[in-house]
Amino acid sequence: MSIQNMLAATVFAFSSLTTAHANGLRPIEATSIHLGDISGVAYYTAEPDGFHVVTTLVQGKEGTPIRVVSVLAPGQRVVLSTANRASRLEISRQGDSVLVRKANAAVD
């Protein structure tokens, strides 16, 4: 199975679980991410050193998938964006909740 097929299967499996729009996620619960022609999934696990947010992204159907892991403490966030900043997504931790939402232009 190609990497693209595996990513597509993962996206389908996780996106069928839930989609979050400024809603809180639960551990291991995935949400679909769309940044223009870049898409993927994000989920988190609760670990002793913080919430490990795992984001897997790919550009189009032929792109090479990349995986980014961010460790968030309460009050921290990570912003994902494309080079032209047309699409921005914020993943933030507020207490024991992880929120995924579109980020506005003022978020850096």
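Predicted model: local features only at pLDDT ≥ 70, side-chain atom pairs only at ≥ 80, totals over all residues.

Biologist: Which element has the highest mean confidence in the protein?

Modeller: The mean pLDDT of the protein is 78, and 73% of its residues reach 70 or more. Confidence is lowest in helix H1 (residues 3-15), at a mean of 46. The highest mean, 95, belongs to strand E5 (residues 66-72).

Biologist: Is glutamate 29 buried or exposed?

Modeller: The side chain of glutamate 29 forms a salt bridge with that of arginine 26, at 2.8 Å from N to O. Arginine 26 has 57% relative accessibility and therefore counts as exposed. Buried means under 20% relative accessible area. Glutamate 29 has 12% relative accessibility, so glutamate 29 counts as buried.

Biologist: How far apart are the closest N and O atoms of glutamate 90 and arginine 77?

Modeller: Glutamate 90 is in strand E7 (residues 88-94) and arginine 77 in strand E6 (residues 77-81), 13 residues apart. A salt bridge requires a nitrogen-to-oxygen distance within 4 Å. The pair forms such a bridge, with its closest N and O atoms apart by 3.9 Å.

Biologist: Which residues do salt bridges that share partners join into one network?

Modeller: Glutamate 90 forms a salt bridge with arginine 77. The side chain of glutamate 90 also meets that of arginine 101 in a salt bridge, at 2.7 Å from N to O. Because glutamate 90 lies in strand E7 and arginine 101 in strand E8 (residues 97-102), this pair ties together parts 11 residues apart in sequence. Through shared partners, the network joins Arg77, Glu90 and Arg101.

Technical notes
Residues numbered from 1 in each chain as written. Heavy atoms only, no water. pLDDT = per-residue confidence, 0-100. Helix = DSSP H or I, 4+ residues; strand = E, 2+ residues; numbered from the N terminus. Buried < 20%, exposed > 50% of the residue type's maximum accessible area, 1.4 Å probe, protein only.
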